[in-house]
Amino acid sequence: MDGGIIDPLGHGTRPLTRRSFLAGSAAGLSALGLAGCATSNGLILAEAAKIYGPMPDEKFPIPAADISKVDPKYYRRTVRYDTKEAPGTIVVDPGNFYVYRIEGDGSATRYGANVGRDGFLWSGDAYVGRKSEWATWTPPKEMIRRQPEAAKYARGMPGGLDNPLGARTLHLYQNGAYTLYTIYASSEPDTIGTGITSGCVGLLSQDMIHLYSRTPVKTKVVILPA
């Protein structure tokens with residue numbers, strides 16, 4: 001693999017590891033309302049636990065994501081999304097930390113994401129030029145200058161759970177040229193909903209594998225202004 005992503009996690013001296021509801025006059029009605037809330041939240045968490053559970057059959061078995069570190073609004077779900085983009089198109093909304101896969105009929109699959117930090121945000125149209133599983137990551141020279149400890153991976157870091165690119169990567173191209181930006185798999189749930197990367201977009205590993213399996217090469221990717 002070539003340059004991979006530019007400082008994908010964007011942490012200055014961070015180690016190169018992968019470590020993400022009326023109140024009424026009657027007390028009975030109030031208690032009933034609280035019970036309903038707890039049940040609703042419990043159902044949401046139970047469903048999320050299934051979606052973000054372990055994936056033992058991967059080349060490098062993926063542990064369950066710690067969803068307690070993720071705001072529930074970033075859990076994967078189907079939402080209404082009106083757009084003129086064709087089904088299959090990926091839309092990145094960095095201002096709200098979401099990635100959408102357009103499903104047609106006014107709906108989309110929505111994933112929570114981490115995005116570029118200030119100074120590294122970008123927008124425009126791109127496309128998936130290639131896909132990779134458990135890719136080798138090679139830190140660019142710019143990153144090595146910022147983080148000298150990355151120099152030991154100058155010839156590439158093999159795929160694995162500690163690799164910044166994670167289990168799946170969609171490499172973004174424009175006009176036939178690799179942009180060095182990617183949509184990649186993150187195993188750090190506390191980063192979802194934050195701007196920490198150098199322009200790349202990270203989804204939880206389980207979400208990234210879900211998106212990756214439904215995204216062929218040449219898929220259009222729209223990055224909205226933040």
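**Entry 1: terms and model**

I call a residue buried if its relative accessible area is under 20%, exposed if it is over 50%, and partly exposed in between (1.4 Å probe, protein chains only). I take helices (H or I, at least four residues) and strands (E, at least two) as DSSP runs, numbered from the N terminus. I note that this is a predicted model, in which local features need pLDDT of at least 70 and side-chain atom pairs count only at pLDDT 80 or more, while totals for chains, interfaces and linings use all residues. Residues are numbered from 1 along each chain as its sequence is written, and side-chain values use heavy atoms, with hydrogens and water left out.

**Entry 2: confidence**

I looked up the pLDDT, which is the predictor's confidence in each residue, from 0 to 100; its mean over the chain is 84, and 82% of the residues reach 70 or more. Residues 1–39 have a pLDDT below 50, although this stretch has 95 contacts in the model beyond near neighbours in sequence, where contact means heavy atoms within 4.5 Å.

**Entry 3: the whole chain**

I found 3 helices and 11 strands in the chain, and from the N terminus on their order is α-β-β-β-β-β-β-α-β-β-β-β-α-β. Of the 226 residues, 50% are buried. The accessible surface (Shrake-Rupley method, 1.4 Å probe) comes to about 11000 Å², and carbon and sulfur atoms hold 56% of that surface.

**Entry 4: the nonpolar cores**

I looked for nonpolar cores, meaning sets of buried Ala, Val, Leu, Ile, Met, Phe, Trp, Tyr and Cys residues joined through side-chain atoms within 4.5 Å. The largest has 33 residues, and those touching the most other members are Ile-90, Val-92, Val-99, Leu-170, Ile-183, Leu-203 and Val-221. At least two residues of this core come from each of strand S2 (90–93), S6, strand S7 (168–174), strand S8 (177–186), strand S10 (201–204), H3 and S11. Another core lies apart from it and has 19 residues, among them Val-70, Tyr-74, Tyr-98 and Tyr-100.

**Entry 5: strand S8 and its partners**

I then turned to S8, where 8 of the 10 residues are buried. Strands count as paired if DSSP finds at least two bridges between them; S7 and S8 run antiparallel and are joined by 5 bridges, whereas S8 and S10 pair in the parallel sense over 4 bridges. Across from Thr-182 in S8 stands His-171, and Ile-183 has Val-201 in S10 as its bridge partner. The hairpin of S7 and S8 has 2 residues between the strands, and in this hairpin Asn-175 takes a positive phi near 50 degrees.

Which residues does Ile-183 contact, leaving aside neighbours within four places in sequence? I listed Ile-90, Val-92, Arg-168, Thr-169, Leu-170, Leu-172, Val-201, Leu-203, Met-208 and Val-221.

Thr-179 also belongs to S8, and its relative accessibility of 17% is why I count Thr-179 as buried. I checked its polar contacts, which are pairs of N or O atoms within 3.5 Å, one able to donate a hydrogen and the other to accept it, with residues adjacent in sequence counted only if both atoms are side-chain atoms. A polar atom of the Thr-179 side chain lies 2.8 Å from the backbone oxygen of Leu-172, and the side chain of Thr-179 also reaches the backbone nitrogen of Tyr-181 at 3.0 Å.

**Entry 6: helix H3**

I asked whether helix H3 (205–212) is open or enclosed: 7 of its 8 residues are buried, so H3 is largely enclosed by the rest of the structure. The buried ones are Ser-205, Gln-206, Asp-207, Met-208, Ile-209, Leu-211 and Tyr-212.

**Entry 7: residues in loops**

I looked up Glu-58, in the loop between helix H1 (27–51) and strand S1 (77–80), and found Glu-58 buried at 15% relative accessibility. Glu-58 touches Trp-134, Arg-168 and Ile-209, not counting residues up to four places away in sequence.

Trp-134 sits in the loop between strand S6 (124–133) and helix H2 (141–146) and is buried, with a relative accessible area of 10%. Its phi is positive, about 50 degrees, although Trp-134 is not a glycine. Lys-218, in the loop between H3 and strand S11 (220–223), likewise has a positive phi, near 85 degrees, but Lys-218 is exposed at 61% relative accessibility.

Lastly I noted Asn-96, in the loop between S2 and strand S3 (98–104), which is partly exposed at 43% relative accessibility. Its side chain makes a polar contact of 2.9 Å with the side chain of Asp-93. Asn-96 and Gly-193 are 97 residues apart in sequence, yet C-alpha to C-alpha they are 7.6 Å apart in space.
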